[in-house]
Amino acid sequence: MKIYISGPISHDPHFEDSFSRAEQYLSYLGYEVVNPVDIPEKDFDGPDRDVQKWHYYMRESIKLLMECDQIYMLEGWENSRGARLEQKVALELAMPRMYETEDIDRV
C-alpha cells in the first residue's frame, strides 16, 4: 500500500526531520512511502515568487497524492494551508487517513 505524508512545511524549520521520521516509521510498518520533501527544488523570480513557489509545490504534491492509496497526517497539519488542502482532497476521494496524533504505535 502506498501512503503519502502530509504536514506543515512552510513555517516549520524542522519539517525535514518530522517527515524523515514519519517516512522511516511508515516504511517499517511496510508501506511504500511518498514523501513530498523529495520534490525537486525550483527557483522563482519576481515579486510573487513565494506564491509561484507555493503553487508549484502544491501542484507537485497533489500529483504525488493521487498516486497513493492512503494519507498520513503529521502533527500540526491543521495549521498548514497545504496540508489542509491535501487532507480535503483525500477526504473527498474517500482515501483512508491516518493521523500521527491518533497513531497509538507512535505514542
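**Entry 1: Isoleucine 9 and conventions**

I began with isoleucine 9, which sits in the loop between strand 1 and helix 1 (15-28); helices (H or I, at least four residues) and strands (E, at least two) are DSSP runs, numbered from the N terminus. I noted that this is a predicted model, in which local features need pLDDT of at least 70 and side-chain atom pairs count only at pLDDT 80 or more, while totals for chains, interfaces and linings use all residues. Residues are numbered from 1 along each chain as its sequence is written, and side-chain values use heavy atoms, with hydrogens and water left out.

Isoleucine 9 has a relative accessible area of 30% and is therefore partly exposed, where buried means under 20%, exposed over 50%, and partly exposed in between (1.4 Å probe, protein chains only). Not counting residues up to four places away in sequence, isoleucine 9 touches Phe15, Phe19 and Val37, contact meaning heavy atoms within 4.5 Å. I also looked up its separation from methionine 95: the C-alpha atoms of isoleucine 9 and methionine 95 are separated by 22 Å, with the two residues 86 apart along the chain.

**Entry 2: Serine 6 and tyrosine 72**

Serine 6 belongs to strand 1 (residues 2-6), and tyrosine 72 to strand 3. Serine 6 counts as buried because its relative accessibility is 0%, and tyrosine 72 is buried with a relative accessible area of 0%. The C-alpha atoms of tyrosine 72 and serine 6 are separated by 6.0 Å, although the residues lie 66 apart along the chain. When residues up to four places away in sequence are not counted, I find serine 6 touching Phe19, Ile71, Tyr72, Met73, Leu74, Ala83 and Glu86.

**Entry 3: Asparagine 35**

Which residue's side chain makes a polar contact with the side chain of asparagine 35? I found that of glutamate 23, at 2.9 Å, a polar contact being a pair of N or O atoms within 3.5 Å of which, within protein, one must be able to donate a hydrogen and the other to accept it, and residues adjacent in sequence count only if both atoms are side-chain atoms. A polar atom of the asparagine 35 side chain also lies 3.0 Å from the backbone nitrogen of valine 37. Asparagine 35 is placed in the loop between strand 2 (32-34) and helix 2 (49-66), and it counts as buried because its relative accessibility is 7%. Leaving aside neighbours within four places in sequence, asparagine 35 is in contact with Ile5, Phe19, Ser20 and Glu23.

**Entry 4: Helix 2 against helix 3**

I then turned to the packing of helix 2 and helix 3, whose axes come within 11 Å and cross at roughly 30°; axes are lines fitted to C-alpha atoms, for helices over the stretch in contact, and angles run from 0 to 180 degrees between N-to-C directions. The two helices are therefore roughly parallel to each other, since angles under 35 degrees count as roughly parallel, over 145 as roughly antiparallel, 65 to 115 as roughly perpendicular and the rest as oblique. Their crossing is right-handed, that is, the near helix is turned clockwise from the far one by less than a right angle. Helix 2 contributes Trp54, Met58, Ser61, Ile62, Leu65 and Met66 to the contact, and helix 3 contributes Arg81, Gly82, Leu85, Glu86 and Val89.

Methionine 66 of helix 2 is partly exposed, with a relative accessible area of 42%. Methionine 66 touches Val89 and Leu93, not counting residues up to four places away in sequence.

Lastly, I looked at alanine 94, which lies in the loop between helix 3 and strand 4 (97-99) and has a positive phi of about 55° although it is not a glycine. Alanine 94 counts as exposed, at 64% relative accessibility.
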